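Me: I would like to work through a protein model with you. Here it is, sequence and structure together.

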Amino acid sequence: MRALKEFPVIETERLILSQLQEEDIPFVTEYLQDKIFSDLTSNIPYPYTREHAEFWLEMSRKSFEDNTGYTFAVRNKEGNILGAIGLHDRDDDKAELGYWMGKPFWNKGYITEAASALIDFGFKELQLNKIYATYFLHNPASGRIMEKIGMEKEALLKQHLKKDNGYFDVQMYSVLKNA
C-alpha cells in the first residue's frame with residue numbers, strides 16, 4: 001500500500017469520506033449499541049462502550065500513521081457521521097474492505113456508494129492489486145453490497161472466524177485491479 005502524507009478526503013455524490021474525529025465518538029457509541037452490529041461483524045463488541053470507540057479511533061489513527069490501513073468516517077454532505085468504511089493492508093498489494101452503517105441509514109445505498117469510491121481509491125491512490133471482503137453467512141445483505149460494487153465470489157472459508165466461542169464460515173469476495 002502506497003503511503004500518503006495527509007489523510008485523504010473522498011467526495012461522492014451524496015457522501016464525504018474523511019478521517020474519524022473525537023467529536024464522532026458519541027455518535028459511533030450510540031450507533032453501535034444495537035446487538036445486531038456485534039452479531040453481523042467479526043470485530044464489533046457488545047455491549048459497545050465509549051471506551052471501545054476511543055480505542056477504535058486511536059487504532060485507526062495508528063494504522064494510518066503505520067501505513068497499514070485507512071478507516072474513513074462516512075458522512076453526509078452536512079458532515080454528520082453515518083457509519084464507517086476502511087481498507088486494511090494484508091501485505092502483497094492487497095487490502096481487506098470492511099464497513100458498518102448506523103441503522104437509521106440502512107437501505108439507502110450509502111455503503112454501496114462509499115465502497116465503490118473506496119475501491120477506486122485503493123486501486124488508483126494506494127496502488128493495490130486486490131481488494132477483498134468477507135461476511136458472515138447470516139448477513140447476506142453484505143454479500144449483495146459486495147456484488148453491487150463489482151466484487152466476485154471467491155471462496156467459502158470454513159470456520160474461518162472465531163467469535164463468542166463459536167466458529168463461523170464466511171464468504172469471501174474480491175475484485176482485482178486489472179479484472
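Me: In which strand is Asp89 found?
Reply: This is a predicted model: local features need pLDDT of at least 70, side-chain atom pairs count only at pLDDT 80 or more, and totals for chains, interfaces and linings use all residues. Residues count from 1 along each chain as its sequence is written, and side-chain values use heavy atoms, without hydrogens or water. Strands (E, at least two residues) and helices (H or I, at least four) are DSSP runs numbered from the N terminus. Asp89 lies in strand E4.

Me: Is Asp89 buried or exposed?
Reply: Buried means under 20% relative accessible area, exposed over 50%, partly exposed in between (1.4 Å probe, protein chains only). Asp89 has a relative accessible area of 17%, so Asp89 is buried.

Me: What is the bridge partner of Asp89 in E5?
Reply: Two strands pair if DSSP finds at least two bridges between them. Strand E4 (residues 81-89) and strand E5 (residues 94-101) pair in the antiparallel sense over 7 bridges. In E5, the partner of Asp89 is Ala95.

Me: Which strands stand at the edges of the sheet?
Reply: The open sheet has 8 strands, in the order E1-E2-E3-E4-E5-E6-E8-E7, with mixed pairing. An edge strand here has a single partner, so one side is left without a neighbour in the sheet. These are strand E1 (10-11) and strand E7 (152-163).
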